[in-house]
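Please read this briefing alongside the sequence and the structure shown below. The points are grouped by topic, so that each can be followed in the viewer.

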Amino acid sequence: MVDEERVVEQQSVTTPPADTSTPNGEPVRPSETVSHSSVVSETVRRTPSGAETARRVVVFLFGIIQALIAIRIVLLLIDANQANGLVRFIYDLSSFFVGPFEGVLNTNAVAAGASVFDIAALVALVGWTILEVLIIAGIGIARREP
């Protein structure tokens with residue numbers, strides 16, 4: 001949804017005709033002494049509505065959450081070094097978003113060798129996506145439709 005602001009400006013211009021002279025230098029005035037013209041300019045400025053801006057913010061924030069959880073799943077699958085600062089940061093930050101979904105299923109993770117498939121993280125990914133869709137639907141109710 002886009003809000004539009006239209007600005008229309010109209011200017012009238014009055015121009016007297018140029019004086020003409022006869023060969024002996026006497027001025028001759030035509031029968032029509034003034035000419036009129038108008039200039040119209042229109043400017044349209046389009047900006048997203050408040051609801052559209054809110055929707056974009058929600059999609060951005062939930063996208064960050066979903067990306068963190070997806071990166072966590074991949075890092076656990078490839079058995080990333082947890083002593084690495086970046087890996088540790090992603091695990092710690094994503095655990096805040098995965099935590100509420102731990103224990104939803106009887107098994108939180110499946111291990112095969114050193115790799116771990118974090119089922120709780122997958123459930124969290126689905127859960128956060130459902131929450132995002134519900135919030136976007138709520139914002140959609142508040143949108144103005146033309």
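**Aromatic residues and overall fold**

Phe 97 has a relative accessibility of 15% and therefore counts as buried, since the cut-off for that class is under 20%. The model discussed here is a predicted one. Its protein chain contains 3 helices and 6 strands, and these follow one another along the sequence in the pattern β-β-β-β-α-α-β-β-α.

**Aromatic pairs and cluster**

- Phe 97 and Trp 128 form an edge-to-face aromatic pair, with 5.7 Å centre to centre and 80 degrees between the planes.
- Because Phe 97 lies in helix α2 and Trp 128 in helix α3 (residues 119-142), this pair ties together parts that are 31 residues apart in sequence.
- Trp 128 is likewise buried, with a relative accessible area of 16%.
- In total the structure holds 4 aromatic pairs, and one of them joins Phe 96 and Phe 97 in an edge-to-face arrangement, at 5.1 Å centre to centre and with 85 degrees between the planes.
- Phe 96 is exposed, with a relative accessible area of 60%, whereas Phe 97 counts as buried.
- One aromatic cluster is formed by Phe 62, Phe 96, Phe 97, Phe 101 and Trp 128.

**Gln 66 and its surroundings**

- Gln 66 is a residue of helix α1, and with a relative accessible area of 17% it is buried.
- Once neighbours within four places in sequence are left aside, Gln 66 is in contact with Leu 125, Trp 128, Thr 129 and Glu 132.

**Salt bridges**

- The count of salt bridges comes to 4.
- The side chains of Arg 72 and Asp 118 meet in one of them, at 2.9 Å from N to O; this pair links distant parts of the chain, with Arg 72 in helix α1 and Asp 118 in strand β6, 46 residues apart.
- Both Arg 72 and Asp 118 are buried.
- Glu 52 and Arg 56 also meet through their side chains in a salt bridge, at 3.1 Å from N to O, and both residues lie in helix α1, 4 residues apart, or about one turn of the helix.
- Within that pair, Glu 52 counts as buried at 7% relative accessibility, while Arg 56 is partly exposed, with a relative accessible area of 48%.
- In helix α2, Arg 88 and Asp 92 lie 4 residues apart, about one turn of the helix, and their side chains meet in a salt bridge of 3.3 Å, N to O.
- Arg 88 counts as partly exposed at 33% relative accessibility, and Asp 92 is partly exposed as well, with a relative accessible area of 44%.
- Salt bridges that share partners join Glu 52, Arg 55 and Arg 56 into one network.

**The β5-β6 hairpin**

- Strand β5 (residues 109-112) and strand β6 (residues 115-118) run antiparallel and are joined by 4 bridges, and Ala 111 has Val 116 in β6 as its bridge partner.
- The two strands, β5 and β6, form a hairpin with 2 residues between them, and Gly 113 in the turn has a positive phi of about 70 degrees.

**A loop residue with positive phi**

- Most residues other than glycine have a negative phi.
- Asp 79 has a positive phi of about 55 degrees although it is not a glycine.
- Asp 79 is found in the loop between α1 (50-77) and α2 (85-98), and it is partly exposed, with a relative accessible area of 45%.

**Surface and burial**

- Val 74, Leu 77, Ile 78, Val 110, Phe 117 and Leu 122 make a nonpolar surface patch of about 490 Å².
- The accessible surface of the protein chain comes to about 10,200 Å², and 61% of it belongs to carbon and sulfur atoms.
- Of the 146 residues of the protein chain, 21% count as buried.
- Among contacts between residues at least 6 apart in sequence, 63% join residues at least 24 apart.

Definitions and conventions
Residues are numbered from 1 along each chain as its sequence is written. Side-chain values use heavy atoms; hydrogens and water are left out. Two strands pair if DSSP finds at least two bridges between them. Buried means under 20% relative accessible area, exposed over 50%, partly exposed in between (1.4 Å probe, protein chains only). Rings of Phe, Tyr and Trp (its six-membered ring) pair if their centres lie within 6.5 Å; planes under 30 degrees apart count as stacked, over 60 as edge-to-face and the rest as tilted. Patches are made of residues with over 30% relative accessible area and no salt bridge: like charges are joined within 9 Å, nonpolar side chains (Val, Leu, Ile, Met, Phe, Trp, Tyr) within 5 Å. Accessible areas come from the Shrake-Rupley method with a 1.4 Å probe; for residues, only the protein chains shown count as cover. Contact means heavy atoms within 4.5 Å.
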